[in-house]
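Please have a look at the sequence and the fold before reading on.

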Amino acid sequence: MASTKEQVLSFLQKCDELRSCKFIMATTKIKDLLKCIVNCPELYRLFETVTKDFDYPSQKAVCLVTKDDGILARSYVSLPGTLSDRLAFIFCLLVEIDKEVINFNDFLRLYFSEDGSYFACYKAFGNKIIKSLQDAVIEVFDEEMLSLTSVNPNAEIAEIISTLEIALSQEMQFVEDSPIPADDKENGIKILSALLKAVKAGNEELIDCLLCGYNYFILHLGCVSDGITELIQLIEVYEKNL
């Protein structure tokens with residue numbers, strides 16, 4: 001059985017994955033994060049303790065703030081001040097999102113409205129809610145105990161880009177060899193070529209848009225390669241390391 005340190009580090013990794021994943025994968029990643037809590041006895045005990053006497057409905061009314069100055073209404077999330085209440089509130093919030101008590105799309109648009117795009121709203125949600133959850137768990141379990149061997153981030157990103165170049169080249173070859181019409185092949189390869197350029201440029205928003213477009217492309221044409229899941233996972237890892 002994995003040690004407590006390994007299990008908590010796995011949880012923190014799940015938090016990173018949730019913050020860096022594509023918006024369309026967010027609810028799946030939230031479910032994975034909650035499963036990680038259930039499967040780790042120490043984490044389960046922690047969240048059981050902080051939620052035992054926690055009045056979520058009352059805190060929800062306080063934390064989900066809407067202010068109207070008579071001209072424009074503005075909504076935002078104000079997290080509880082104490083560590084235990086912050087852990088409890090975020091946990092209960094994620095449970096409600098997972099159970100679809102809260103419509104995640106509407107929640108993001110209302111409380112994390114940025115430039116009108118789900119990409120920006122979701123990024124703000126990750127930075128506010130999930131990052132706060134990570135920081136709180138690290139504080140509980142002691143940052144020194146959870147420390148990892150440092151790595152050279154530039155070298156790591158370079159290795160990921162190199163792997164992505166190969167994966168994208170293989171995907172282009174798959175499209176070229178597929179039985180779809182020639183015009184569609186050309187469009188698919190254009191998307192993948194632009195995606196590679198965006199990766200090299202570190203343009204996270206453009207990567208997200210192009211990958212979303214390519215998802216529609218392959219689903220519409222039924223042109224799904226065996227390597228597409230791995231390609232998406234590589235891009236998620238890359239964006240997490242930006």
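## Cysteines and overall build

Cys 223 has its sulfur 17 Å from the closest cysteine sulfur, that of Cys 212, which is too far for a bond; a disulfide here is a pair of cysteine sulfur atoms within 2.5 Å. The model is a predicted one, in which local features need pLDDT of at least 70 and side-chain atom pairs count only at pLDDT 80 or more, while totals for chains, interfaces and linings use all residues. Residues are numbered from 1 along each chain as its sequence is written, and side-chain values use heavy atoms, with hydrogens and water left out.

The structure holds 0 disulfides. Cys 92 is in none either, as the nearest cysteine sulfur, in Cys 63, lies 11 Å away.

Across the protein, buried residues make up 42% of the 242 residues.

Now for the fold. The protein has 11 helices and 2 strands, counted as DSSP runs from the N terminus (helices H or I, at least four residues; strands E, at least two). Their order is α-α-α-α-β-β-α-α-α-α-α-α-α. The C-alpha atoms fill a box of roughly 60 × 55 × 30 Å along the principal axes.

Notes
Buried < 20%, exposed > 50% of the residue type's maximum accessible area, 1.4 Å probe, protein only.
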